[in-house]
Amino acid sequence: MRRIAIINQKGGVGKTTTSVNLGAALAEQGRRVVICDLDPQANLSLHVGIEPETDDPSTYTVLHGGTTLAKSLKQMSLPGLRVLPSNIDLSGAELELASAIGRDNLLADAIDAWVEDHQKEHGEEPADYLIIDCPPSLGLLSINALAAATEVIITVQTEFLALMGMSKLVEVVALIQKRLNPKLKITGIAACLYDSRLRLAREVLSEIRKYFPGQVYKQPIRSNVKLAEAPSFGQSIVEYAPESNGALDYRKLALEVIGQESASPELAHLPDPVPIADLGVPKTQERGGGPFAGAVPPAATRPRIDRAPDQSRPIPTPRKDPLPVPQAAAPAAETEPTVVLQPQAPVAQPEPSSEAARQQHRDAVEEELHSMRSQDLPALPPEALELDN
């Protein structure tokens, strides 16, 4: 059985998402997988639709010895996938177990007892993969996970700040390997939340591959909204959106992890993995690239739509004769023009600047009024002078 700890002391880099969806992708390939929630926030348990109460068996009761690991497992809807849930009680485990004897190996002892009992009863190990989701810290819980695991997968976000703690994390893994668990090794580094459109993301991924040659998985986990939606439905990505880019990326990551089974002789009997094309994923989704790869097929493979002519509408035939030359319009009959008089606004006259000018202005006005009075006005018709009785 491969014991893999998914770890990074920084939060929000995809540890829980990778633990759930990698485990689901491995179970889809016919592997027996157990995912262990070692985070007091219980995000992994909520991701798969489990809301454990404080009295339910969990990692807290397993570390305290109240329940065995076998009795604390819960079967998921996906065949071959089981979960060891967590709850808020685990937040006080570090203080409560600080003075316990062998506090660094409590989880390892529980796992060893589970494996031993199952082998005695069934003649085989209880699972093919044990994936441990570690909390975003390097406290007692993370040390228990590293002491119980034989492999470490580091999830890293493709941003600058995510690189700052990588060297410290590698030192902690080397220290645990030296003092507590000689079998522990870094199996791989998974780049999460990758956006190939961003130059920074490409440069950070290139730097990680430069400083950790051969340890970075070829398939980065692209940013995908379906991965963020799946926890709200209590499902893994291969159940919630099996044709999404997130499901494709974790299926490819699972194939790389399965490719490392040659280093575990006890897994030599497992069948070969199923190709992704046989899992129901469309061929357009198998292509790599940016976040929108596979959304639109290339023009060469795009289906052509032949529109049939509408029989209800007549098709116009081209004209053989030249278009007629438009003739000039005939002149309209001469009619007496109608003159509409518009009232004009009075023009403001400038005020004379001297008394002589004022007198001249008054004389001109009186002369104009005199001429208007002397004009003959048209007589009104007799009926206009009659009054209504």
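When I say two residues touch or meet, I'm talking about contact, meaning heavy atoms within 4.5 Å. Okay, some ground rules before the tour. This is a predicted model, where local features need pLDDT of at least 70, side-chain atom pairs count only at pLDDT 80 or more, and totals for chains, interfaces and linings use all residues. Numbering runs from 1 along each chain as its sequence is written, and side-chain values use heavy atoms, with hydrogens and water left out.

Let's start with Arg3. You'll find Arg3 in strand β1, residues 2-7; strands here are DSSP E runs of at least two residues, helices are H or I runs of at least four, and both are numbered from the N terminus. So, is Arg3 buried or exposed? Buried, at 15% relative accessible area, where buried means under 20%, exposed means over 50%, and partly exposed is in between, with a 1.4 Å probe and protein chains only.

And what does Arg3 touch, leaving out residues up to four places away in sequence? The list is Ile111, Asp112, Val115, Leu130, Ala148, Ala149, Thr150 and Glu151.

As for geometry, α6 is residues 106-122, α7 is residues 140-148, and they pack at about 40° with axes 7 Å apart. Those axes are lines fitted to C-alpha atoms over the stretch in contact, with angles from 0 to 180 degrees between N-to-C directions. That makes α6 and α7 oblique to each other; under 35 degrees is roughly parallel, over 145 roughly antiparallel, 65 to 115 roughly perpendicular, and the rest oblique.

Now over to α1 (residues 15-28) and α13 (residues 245-258), packed at about 70° with axes 9 Å apart. So this pair is roughly perpendicular. By class, we get 8 nonpolar, 3 polar and 2 charged residues in that contact.

Last stop is Arg179, in helix α9, residues 166-179. Arg179 counts as exposed, at 65% relative accessibility. Arg179 and Ala147 are 32 residues apart in sequence, with their C-alphas 9.6 Å apart in space.

Note on methods. Nonpolar A, V, L, I, M, F, W, Y, C, P; charged D, E, K, R; others polar.
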